[in-house]
Amino acid sequence: MSGSHRDGGRHAVVVGAGIAGLAAAHRLLEHGARVTVLEASERVGGKLLPGEIAGARVDLGAESLLARRPEAVGLARAVGLADRLQPPATASAALWTRGALRPMPKGHVMGVPGTAAALAGVLSDEGLARIERDAELPPTEIGDDVAIGAYVAERFGREVVDRLVEPLLGGVYAGDAYRISMRSAVPQLFEAARAHTTLTEAVRAVQAKTAGGQTGPVFTGVAGGVGTLPLAVADSLRSRGARILTGTPVTELRREPDDGWRLVAGGEVLHADAVVVAVPAPAAAHLLRAEAPGAAAELSAVEYASMALITLAYRRDEARLPEGSGFLVPPVDGRTVKASTFASRKWGWIAEENPDLTVVRTSVGRHGETEILHRDDDELVELSRHDLKAATGLDAAPVAARVTRWDDGLPQYPVGHHARVARVRAHLAGLSGLAVCGAAYDGVGVPACIASAYAAADQIQGDLRGVEELTAHPVQSLHGGAGE
């Protein structure tokens, strides 16, 4: 497996074959490099995982792509999936809160409303009245960053955060809104809040700015599952000469005297002109410790949330569900599930392929909430069924159930995350031919990971525009990213 950067053609090694690593390899091939991708696990795709239940093809990881960013849709088209891109059949979600399924409010920015009336039916009368007080409050000092939950609670009261911001952000990060960075998670609102004296004005400014430019569905899926995207990218890479080696963990990364890089992987030595590290922060920290101890220390401090997805298949004639694509659950309501997707209703291709089945999935687990994930699979299935019955009345026995655990699956973006990422890149700036990318840096959604990958591949070619753009404008959108 040894390969030398001296035997013709610039050799680039990508460590990690999640969607970020595969996208980086795709970009490096465009730059004319010889590419080797090294993946510790036995499969490519990372958090994008195709699977099946009761014979039905489903996603067991992220299930949708943000369509209002170009990266994920563009990569899907580039690898031959254009005719399989498919928006949700229905996008009308609900909130399961205060004992009932309530329509998801419209007219908000990640749960932060432009008017109190937008949240009527979800908030109490007191909660609605508290929003109106924003206009009377003195300006709130934001500084370089602020927790979105703390800031919104100060302006609008805690009820907005607990009933709407929390479940929406929880769907993206499985995190705590009172810790999540506003600058990194909702950068458009952060910038607007710094420019306006009230939060209401800031939200309306963001809404006015986005109203003109965004048309079409917010999200798209892929017939057969989003999990088929990394498989298609990997096939495209191989067809263009890239090597992808699974079951090949990288255990050492060192600088060579001639400015190349030496990697030990699977017990063998590789030589490379350039390396893109596209693995989660703890693994990246381990690899970078020898040559970039400062970056490694920063990455070691990145926290992750664990979660589990429970996928249930029912006979269609036994599974009567409310209208819509599913529901989110505010943590304050004390339920086990944090979200549920009515997959057969949300994705037309699942219904078409499986007319006799209804597929539903739920998610459990949040940052710091590990007790639930110690339950065994059967228990998680029963807890999900209990909550589904309480929320929707669904009482049928599933014909099949699958539990997919994502341990340390979602990086957390606390206050100061943006500055931490800038410090990581500063520590690596002196090491030519080395770059990092993935969900731990500029956004957790699939388009964010791909944008991060392209910027890393360009960086090792000497083009810093992508990295500079991400630093100035994190990708995380107003509509969230991966997951439910």
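Visitor: What makes H16 mostly covered?
Guide: Of its 14 residues, 14 are buried. Buried means under 20% relative accessible area, exposed over 50%, partly exposed in between (1.4 Å probe, protein chains only). The model is predicted: local features need pLDDT of at least 70, side-chain atom pairs count only at pLDDT 80 or more, and totals for chains, interfaces and linings use all residues. Residues are numbered from 1 along each chain as its sequence is written, and side-chain values use heavy atoms, without hydrogens and water.

Visitor: Why is Asp-463 called partly exposed?
Guide: Its relative accessible area is 23%. Buried needs under 20% and exposed over 50%, so this value falls in between.

Visitor: Why does Arg-465 count as exposed?
Guide: Arg-465 has 63% relative accessibility.

Visitor: What makes Asp-463 and Arg-465 a salt bridge?
Guide: Their closest N and O atoms are 2.8 Å apart. The rule asks for a side-chain nitrogen of Lys or Arg within 4 Å of a carboxyl oxygen of Asp or Glu, so the pair qualifies. By this rule the count is 23.

Visitor: What links Lys-346 and Glu-63?
Guide: A salt bridge, 2.8 Å from N to O. Lys-346 lies in helix H12 (residues 343–346), and Glu-63 in the loop between strands S4 (56–59) and S5 (65–66), 283 residues apart. Both residues are buried.

Visitor: Which residues do salt bridges with shared partners join into one network?
Guide: Glu-63, Lys-346 and Arg-361.

How values were computed:
Helices (H or I, at least four residues) and strands (E, at least two) are DSSP runs, numbered from the N terminus.
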